[in-house]
Amino acid sequence: MIITKKGIFVFTLAVLLTVVAAAGFTERKQTPVSSNAQRKIPVYCVETEQKKIALTFDAAWDDADTDEILNILSAGNAKATFFIVGSFAEKYPESVKKFYGNGHEIGNHSYNHTLYGKLGKEEIKADIEKCNKTLESITGERPKYLRSPSGDYTDISETAAKECGMRTVQWSVDSLDWQGVGSDEMAQRVISAAENGSIILFHNGVKNTPDALRQVIADLSAKGYEFVTLSDLLYEDNYRIDSTGRQKKAE
């Protein structure tokens, strides 16, 4: 059998493609899929028959849109949870007071947004507690929910959070506002993906978030959804979290 140089190239390319496919080189998925039942996983969403959704905001940049976001939430009779970076809280304590004073929930988003995957357990615990103390000094209430910086978590960070008495929460619907997505595209992305028990990720201090938020609340409210804090969505006891991060009532 005679194999030309072209034939060798085609054969080699086919082999490489097969190897890549077999290795599972795919885009990173937002919701975890783990074959390891022992892996510690945060809550990504909640299994519920109630038409409840949690709006969450990560606050790490600036507070220019604080009043606008609060007005939109108020007009839509919506409650939200704000995950706040400790250094943001120290810089903008009045915004934190406004979030809390308007009946929204305050969560911990680390003290300075250092990725927890780069830190040891004791460093993570110190960071969590520093943020908690900062937020508690402003609101008078210690946060009970934690969102790791950039959603970066490990078994070590999950253990650290638990030892600090915190429950970690991610998201099931990413608005992609942090990528500069236009308000209409952002709104449709969220609306099309939202369902019972969804946890939606937004950020404050982002140009198109307020307009998208207004559309999301109007559309999903018309479909019968209620916007609640995480405390009103998550199960507090007798629950389990499956390998995709869905919190379920224990059977």
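Mentor: Let us begin with the elements: helices are DSSP runs of H or I with at least four residues, strands are E runs with at least two, and both are numbered from the N terminus. By that rule the chain has 9 helices and 11 strands. The model is predicted, and for that reason local features need pLDDT of at least 70 and side-chain atom pairs count only at pLDDT 80 or more, whereas totals for chains, interfaces and linings use all residues. Residues are numbered from 1 along each chain as its sequence is written, and side-chain values use heavy atoms, with hydrogens and water left out.

Trainee: Why is N77 called exposed?

Mentor: Exposed means over 50% relative accessible area, buried means under 20%, and partly exposed is in between, with a 1.4 Å probe and protein chains only. N77 has 69% relative accessibility, so it counts as exposed, and N238 at 57% is exposed by the same cut-off. In helix 4, G101 is exposed as well, with 62%. The C-alpha atoms of G101 and T139 are separated by 8.4 Å, although the two are 38 residues apart along the chain.

Trainee: How many aromatic pairs does the rule give, and why is the pair of F57 and F82 called stacked?

Mentor: Rings of Phe, Tyr and Trp (its six-membered ring) pair if their centres lie within 6.5 Å, and the planes make the pair stacked under 30 degrees, edge-to-face over 60 and tilted for the rest. The count by this rule is 4 aromatic pairs. For F57 and F82 the centres are 4.9 Å apart and the planes stand at 15 degrees, so the pair is stacked. This pair links distant parts of the chain, since F57 is in strand 2 (residues 52-59) and F82 in strand 3 (residues 80-84), 25 residues apart.

Trainee: What makes F82 and F99 a stacked pair, and which parts does that pair tie together?

Mentor: The centre-to-centre distance for F82 and F99 is 3.9 Å and the angle between the planes is 10 degrees, which meets both cut-offs for a stacked pair. F82 lies in strand 3 and F99 in helix 4 (residues 93-101), so the pair joins parts 17 residues apart in sequence. Ring pairs also link F57, F82, F99 and F202 into a cluster. Of these, F57 is buried at 0% relative accessibility, F82 is buried at 0%, and F99 is likewise buried at 0%.

Trainee: How do you know that K51 lies over the face of Y225?

Mentor: A charge sits over a ring if NZ of Lys or CZ of Arg is within 6 Å of the ring centre and within 35 degrees of the ring normal. K51 lies over the face of Y225, at 4.0 Å from the ring centre, and K130 lies over the face of Y111 at 4.1 Å.

Trainee: What makes the link between T66 and S95 a polar contact, and why does T66 count as buried?

Mentor: A polar contact is a pair of N or O atoms within 3.5 Å; within protein, one must be able to donate a hydrogen and the other to accept it, and residues adjacent in sequence count only if both atoms are side-chain atoms. The side chains of T66 and S95 are joined at 2.9 Å, and the side chain of T66 also reaches the backbone oxygen of D63 at 3.1 Å. T66, in helix 2 (residues 66-75), has 2% relative accessibility and so counts as buried.

Trainee: How confident is the predictor over residues 1-31?

Mentor: pLDDT is the predictor's confidence in each residue, from 0 to 100. It stays under 50 over residues 1-31 and over residues 33-37, while the chain averages 88 and 85% of the residues score at least 70. Where pLDDT is low, the predicted coordinates should not be read in detail.

Technical notes. Contact = heavy atoms within 4.5 Å.
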